[in-house]
Amino acid sequence: MKLVVAVVQDQDSSRLSTALMKNNFRATKLASTGGFLKSGNTTFMIGTEDTRVDKALQVINESCRSREQMVAPVSPMGGNADSYIPYPVEVEVGGATVFVLPIEQFHQF
């Protein structure tokens, strides 16, 4: 048994949720916030058999794409201004960060 934890951008959340259901994966969705851009994310926790991990990863990969986005800088407000960029920059966002963890026991009541 494995626990697949996938952190995805909110824009991909609905698409991934639908794809997981179509492929008979049960998932718990949690609202989360990214550290880099401080933007909304969704964290999916998916419990699955070892033999279905590759399929889960495939579904996540096909549902969550990275894209370029213009981001306005956040003022340093008392922090170090040496690395502050005063104009919008284009960064790559989206995709998915996925962790696959071994599960010792799984119970469903």
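Is Asp50 buried, partly exposed or exposed? Asp50 is partly exposed, with a relative accessible area of 43%; here, buried stands for under 20% relative accessible area, exposed for over 50%, and partly exposed for what lies in between (1.4 Å probe, protein chains only). The model is predicted, so local features need pLDDT of at least 70 and side-chain atom pairs count only at pLDDT 80 or more, while totals for chains, interfaces and linings use all residues. Residues are numbered from 1 along each chain as its sequence is written, and side-chain values use heavy atoms, with hydrogens and water left out.

Two salt bridges are found in the structure, the term being used for a side-chain nitrogen of Lys or Arg within 4 Å of a carboxyl oxygen of Asp or Glu. One of them joins Asp50 to Lys2, at 3.9 Å from N to O. Lys2 belongs to strand 1 (residues 2–9) and Asp50 to the loop between strand 3 (40–48) and helix 2 (53–63), so this pair ties together parts 48 residues apart in sequence. Helices (H or I, at least four residues) and strands (E, at least two) are DSSP runs, numbered from the N terminus. Lys2, too, is partly exposed, at 24% relative accessible area.

Arg15 and Asp12 form a salt bridge as well, with their closest N and O atoms 2.5 Å apart. These residues lie three apart in helix 1, and are therefore separated by about one helical turn. Arg15 is partly exposed at 37% relative accessibility, whereas Asp12 is buried at 0%. Other buried residues of helix 1 include Leu16 and Leu20. Just after this helix, Asn24 adopts a positive phi of about 60 degrees.
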